[in-house]
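Open the model in your viewer and get ready to select residues. We will go stop by stop.

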Amino acid sequence: MTAHDHHDVLGTLMRDSLDHCVKCTICETFCPVSNVTPLFPGPKYVGPQAERFRVPADESPDDSLDYCSGCGICTQVCPQGVHIAEINTQARAKLRERTGFKLRDRIIARPDLTGRLGTPAAGLANRTLRSRPLRLVAERVLGIDHRAAVPSFAGRTFQAWAKGRTSPPAQRRVAYFHGCGANWYEPDSGQRTVELLEWLGCQVDVPRGQSCCGLPLQSNGMFGAARKYVRRMARALAPAARQGIDLVGTSTSCTLMLKREAREILGMDEDPDLRVVSDNMYDICEYLVMLHERGELRTDFRPLPLTVTYHAPCQQQGHGVGKPALDLMALVPGLRVIENDATCCGIAGTYGLKREKFDIAMDVGKGLFAQIGDARPDLAVCDSETCRWHIEQATGVKTVHPVEVLHRAAGLS
Amino acid sequence: MARLQADVLIIGGGATGAATAWDAALRGFDVVLVDRADLAEGTSGRFHGLLHSGGRYVVKDRVAAEECVAENAIVRRILPDAVEDTGGLFVTTPDDDPAYGDRFMEGCRAAGLPAEEIPVAEALRMEPRLNPGIQRAFTVPDGAIDVWKSVWSLAAGAAAHGARILTYHKVLDLHVGDGGVTGARVRNELTGEELDIEAGFTLNASGAWAAQIVHMAGIEGIGVIPGKGIMIAMNHRLVNTVVNRCTMPADGDILVPIRTVSAIGTTDIRAADPDEIPVTQQEVDQMLDGGERLVPGLRQARALRVWAGVRPLFQDDRSGPAAADTRDVSRGHAVVDHAERDGVRRLLTMSGGKLTTMRLMAQDLVDAMCRQLGDERPCRTEHERPPGHEDGRHMQIGDRLRRREATLRDEQLICECELIGRSRLEQTMQTRGTLNLDDVRRQLRLGMGPCQGGFCIYRATGILHGVERLDGEEASASLTSFLQERWKGVWPILYGDQLRQARLDDWIFQGLLDVEHLPEAAAVVPDEELSAS
Ligand SMILES: Cc1cc2nc3c(=O)[nH]c(=O)nc-3n(C[C@H](O)[C@H](O)[C@H](O)COP(=O)(O)OP(=O)(O)OC[C@H]3O[C@@H](n4cnc5c(N)ncnc54)[C@H](O)[C@@H]3O)c2cc1C
Ligand code: SF4
Ligand code: SF4
């Protein structure tokens with residue numbers, strides 16, 4: 001192996017895509033952040049324009065870049081194929097080398113660690129998180145906005161539940177990539193995913209050793225730590241993938257991370273575990289629609305006389321597979337689904353938790369929140385957990401994963 | 001006719017002329033500098049951007065190499081803000097003989113050039129895009145130098161010491177009398193007015209046009225053959241270190257990261273006329289091939305624009321100790337003493353040279369003048385910094401982005417590619433007092449980024465209209481001449497991304513603004529040219 005093989009070819013390709021920019025400004029008209037705040041100069045500026053002024057030897061010159069939420073919408077809309085969001089994320093990691101990492105960012109970028117610490121003392125931890133005075137202290141000391149939605153600790157883990165059971169053998173085998181969200185914060189949703197998949201005729205493996213996929217570390221610019229997390233996660237999932245078992249995840253941003261972002265942004269394209277994992281990774285709705293298209297999906301759902309809104313989060317859109325959740329919910333008799341056409345709820349992972357960005361996140365989400373409010377739904381539906389917490393906090397409407405709706409329609413709850 | 005008096009008349013406002021004005025003014029001479037166009041609009045504004053370490057000459061031309069070694073260090077010291085300390089690499093590509101590296105190192109040692117051989121793996125770590133097939137790599141202290149900053153600071157420094165800098169003043173004739181040159185008749189190219197300059201001494205720093213000037217003094221037997229060199233700017237920095245091919249100097253063998261672009265160059269092809277230097281497809285291909293050899297994939301990257309400059313190759317009929325020996329002056333420089341050569345006193349011509357050695361050339365020229373005048377005054381340019389370089393800090397590519405942060409919210413960005421805000425633009429238009437967008441372009445790099453003026457030039461025209469109170473027709477003329485100038489640089493490399501950009505720009509200017517039918521405006525983009533390329 002020559003030194004050249006170590007070179008991050010895909011990462012360079014991302015950066016080189018700046019050459020395709022023709023300045024059309026389409027990305028700027030879509031960027032949810034630059035549309036609500038003058039603090040952020042917009043994707044064309046921080047992406048293909050500013051990148052020409054950045055070199056490895058010079059320290060990162062532009063702090064305003066940090067207002068990019070990483071939602072990825074710019075990359076999706078650019079007609080010339082500029083990987084704007086990826087360029088931004090790489091540049092932000094560089095920025096962090098100069099500004100250093102805030103303690104806050106170190107904390108919120110490690111949901112697995114907070115989960116591990118909070119779970120044994122869930123009652124106390126949750127009371128702390130709900131206590132206004134303590135949240136004000138946290139805001140002052142850490143810079144986590146006291147109004148921002150934070151998840152509750154479930155007090156038990158999904159892994160503990162999964163360890164105690166075996167999935168009935170079936171012809172189709174899937175491995176469930178639950179990540180840290182389902183494990184520490186929403187174990188119920190993890191259980192329901194397994195139950196639904198089993199009802200749909202799948203034998204569900206739950207590979208051991210899963211923690212966090214590293215996405216929050218990556219979006220906070222901590223590339224070194226992020227790579228470690230990705231490697232660990234890929235090692236946990238790779239054996240199943242190598243056996244030809246499809247990997248299915250419910251956290252749409254985390255499936256995207258392992259499918260694509262870690263390879264493109266963290267420069268891990270050469271990692272053999274990650275390669276096989278990313279090739280076999282599906283977002284759950286994407287997977288079920290694929291089965292349906294092959295005529296292999298059980299569809300005897302019972303009627304659900306409910307009205308729900310559906311918001312496709314930015315990260316789900318990053319998969320480039322349309323909005324499969326809508327196709328699935330259309331299979332449920334009696335269910336009325338109102339599609340939201342807002343691009344972003346504002347939270348963008350950990351972005352909206354930060355004191356200096358919370359108001360921006362709320363402004364970004366305004367359109368979506370209004371649509372949800374106007375629809376007066378029984379439930380709001382969204383594929384990404386941080387978005388759900390944010391939407392629920394902002395609108396007061398209970399917000400669930402599409403799996404939850406299907407679980408009910410399957411008569412499982 | 002208006003008259004002007006001075007100790008010294010300098011003809012030519014390129015790097016050599018500006019450095020000479022600075023040198024002579026520092027020595028206390030009363031200086032007038034004239035250029036037929038803007039400063040650095042000749043070869044200096046069309047060079048490659050490299051502050052030579054000397055590595056290129058160590059095997060072939062020891063003297064030139066030693067000059068570069070010394071001047072590189074001095075220029076870094078006196079014009080720090082015009083220099084980016086990129087460092088340089090000499091690499092042996094798969095097409096080159098690795099043994100040349102030994103001769104190269106030997107030459108470096110002899111010339112006092114601090115070069116070092118490094119492992120190939122380290123070179124690839126430094127510059128990941130380098131051809132992985134390189135066999136040897138050497139580091140040298142090459143740099144990148146911004147010619148506009150250099151020339152403008154030297155001229156401003158000279159002006160601060162009393163020099164008068166007259167741009168757009170063309171020399172029409174030299175006055176000869178009393179056994180020598182006594183001055184020149186010049187014409188203001190903007191107003192058409194003529195002016196008589198009486199000068200105690202005349203220094204000819206007109207580069208490729210030098211023969212035209214000496215002919216005005218009735219001097220025969222000196223000719224300049226223009227040697228055309230083309231360069232292509234790639235849209236972003238493919239490398240951050242200057243990359244040279246480690247071989248005998250050849251075509252397309254240097255890739256220079258300069259400001260936001262990287263430029264591959266260059267050629268050396270004889271041209272008939274220094275003012276007529278078209279670029280051919282074959283030359284473009286030759287450059288891209290050369291670039292591909294250093295950095296594979298260069299052909300896929302976006303080419304931004306192409307330009308050409310002319311090296312003056314001096315030809316002197318009269319050889320002999322009195323005349324400059326032209327065989328070896330193509331890269332080195334020599335002062336032509338017309339008193340000795342032609343019996344014409346008070347006129348000296350600078351021949352050959354490099355931008356890197358502009359200071360030394362100026363010193364040699366002014367020293368020779370002092371000798372002839374019998375008025376020896378010591379040269380001070382080795383340590384003196386012209387204005388704008390006081391803090392001694394080298395320029396960095398991120399500087400504009402960093403400065404822009406402060407005004408992000410209050411100021412309109414006019415040129416998005418090169419990050420030029422409205423106030424900077426207005427200020428430059430005011431201080432330059434120019435009616436010409438191309439002058440502003442050279443000073444600020446307005447319209448030199450990826451969109452090649454597509455999104456800023458109509459804005460800038462409107463602002464110029466406001467600031468200078470141009471009337472509509474003048475503003476249109478300024479706009480269209482700018483577009484024509486840019487178009488010349490773009491059409492030879494219209495492929496891929498730049499072609500797409502050209503289409504979009506075309507829709508804006510032809511489709512939306514209908515620039516071809518502005519009052520009194522000429523055609524901008526002939527349709528045949530577009531379809532032909
Ligand atoms: C393709 C190319 C690449 C190069 N790259 C490098 C490099 O990377 N590094 C380096 O160190 N050197 C480089 N050089 C060499 C360097 O560019 C030149 O040595 C230097 O710019 C010459 O400057 P000058 O002032 O002598 O000439 P010029 O810049 O040509 O100045 C002469 C001036 O005289 C003016 N003039 C002409 N006629 C008249 C008249 N009748 N009246 C008034 N004014 C007149 C012109 O308008 C012009 O501005 C390169 C040269 C070429 C051709
Ligand atoms: S949408 Fe793409 S091409 Fe258009 S300005 Fe943005 S990055 Fe450039
Ligand atoms: S990633 Fe989102 S916030 Fe960042 S520039 Fe792109 S659209 Fe804007």
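The tour covers the domains, then a ligand site, then a cavity. Keep in mind that this is a predicted model.

**Stop 1: the domains.** Colour chain A in three parts. Domain 1 takes 3-99 and domain 3 takes 300-409. Domain 2 comes in two stretches, 158-209 and 230-290.

Now show domain 1 of chain A with domain 2 of chain A. Their centres, taken over C-alpha atoms, are 30 Å apart. Look for the contacts: eight residues of domain 1 of chain A meet seven residues of domain 2 of chain A. About 630 Å² is buried between these two domains. Carbon and sulfur atoms give 59% of that area.

**Stop 2: ligand 2.** Select ligand 2 and the 14 residues around it. Which of them come nearest? They are A:Cys21, A:Cys24, A:Thr25, A:Cys27 and A:Cys78. Next, highlight helix 2 (26-30) and helix 3 (43-51) of chain A; each supplies at least two residues of the shell. By class, the shell holds 10 nonpolar, two polar and two charged residues.

**Stop 3: a cavity.** A search of the whole structure finds eight cavities of 30 Å³ or more. To find it, select lining residues including A:Asp66, A:Arg92, A:Arg96, A:Asn220, A:Tyr351 and A:Lys354. The whole lining has three nonpolar, four polar and five charged residues.

Where does this cavity lie? Domain 1 and domain 3 of chain A both give residues to its lining, so the second largest cavity lies between them.

Conventions. Residues numbered from 1 in each chain as written. Chains lettered and ligands numbered in written order. Predicted model: local features only at pLDDT ≥ 70, side-chain atom pairs only at ≥ 80, totals over all residues. Heavy atoms only, no water. 1 Å grid on protein atoms, 1.4 Å probe; cavity = no way out; pocket = protein on both sides within 12 Å on 5 of 7 lines; lining within 4 Å. Points joined across faces, edges and corners; volume = space filled by probe spheres on them. Nonpolar A, V, L, I, M, F, W, Y, C, P; charged D, E, K, R; others polar. Domains from an automatic or database assignment. Near = heavy atom within 4 Å. Helix = DSSP H or I, 4+ residues; strand = E, 2+ residues; numbered from the N terminus. Contact = heavy atoms within 4.5 Å. Buried area = accessible area lost by both parts, 1.4 Å probe.
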